[in-house]
Amino acid sequence: MTLLNMEVDNELDQTLLQQFSCMGTTDKDDLVRQLQKLVGHHLNSTTAAFFLDMNNWNLQAAICSYFDCQSPTDLPSMVLVKDVTIGEGESVPPATQFTKTWRVQNNGDDEWPDGCCLQFTGGVQLSECERVPVQPVRAGAVTDISVEMRSPLTPGIYQSKWRMVTPAGSYFGDVIWVILTVAEGGTMALTQQLSHLSDLGASPPPHAPHMLNPFTRLLSSHNVFQGQAEGGDVAMDLRPNEGPE
């Protein structure tokens, strides 16, 4: 008799646990909508109902089952190669605009799909935008991803966490960190500004128009003294070039 009572109690306990787990709502259509909202609206209602039904319409269990079925091999691959800007030992002055750039590689076998983004996921928000679109990257290729940021007003060390995310909302690849040192004597922003000015001393591109130096003339009979014919020294006429004669 005691054993029978224990079995009945266990059955009641299981029934109660199941009822308590579904106390949020009993409307199946509402559960389907909640599951779609939590895992992403790319999940259609039929698939959502399937996962809920196989878990006795327990929303939490259905979510766990859904993510258990998502194979990691279906996600793109990404590895962080290096920090292009704001590397070790560099600092930024307070309240200063700067560009943070990472170099990443698609180390998978497939090209990244359209719609991938670099998304802020935690830490200190240093950028006005939380998602930065990233163009598709073919397998094995390397690309640079840049985010415009602004340093905080107070000196210190700040951390910001970013992740690559698929159009469906699934994270993939290495975690990307910003470890930012803010100091009054920081020179990173000045370094970036000077890098833009370095092009001023660069050689002109091939398509640029040729600019003549007015103090240079071709060696000709007009700018060589008669002493050349007599075996004397050659002298150049260095008067400004006033144009064709």
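Me: Which residues form one aromatic cluster?

Reply: W102, F120 and W162 form it. The model is predicted: local features need pLDDT of at least 70, side-chain atom pairs count only at pLDDT 80 or more, and totals for chains, interfaces and linings use all residues. Residues are numbered from 1 along each chain as its sequence is written, and side-chain values use heavy atoms, with hydrogens and water left out.

Me: How many aromatic pairs does the structure hold?

Reply: Rings of Phe, Tyr and Trp (its six-membered ring) pair if their centres lie within 6.5 Å; planes under 30 degrees apart count as stacked, over 60 as edge-to-face and the rest as tilted. The structure holds four such pairs. One of them joins W102 and W162, with ring centres 6.5 Å apart and planes at 45 degrees, so this pair is tilted. W102 lies in strand β2 (residues 97-105) and W162 in strand β6 (residues 156-165), 60 residues apart; strands are DSSP runs of E, at least two residues, numbered from the N terminus.

Me: What is the geometry of the pair F120 and W162?

Reply: The pair is edge-to-face, at 5.7 Å centre to centre and 65 degrees between the planes. F120 sits in strand β3 (residues 117-123), 42 residues from W162.

Me: Is F120 buried or exposed?

Reply: Buried means under 20% relative accessible area, exposed over 50%, partly exposed in between (1.4 Å probe, protein chains only). F120 is buried at 14%, and W162 is buried at 0%.

Me: How many disulfides are there?

Reply: A disulfide is a pair of cysteine sulfur atoms within 2.5 Å. The structure has zero. For C116, the nearest cysteine sulfur is that of C117, 7.4 Å away. C116 is buried, with a relative accessible area of 2%.

Notes: Helices (H or I, at least four residues) and strands (E, at least two) are DSSP runs, numbered from the N terminus.
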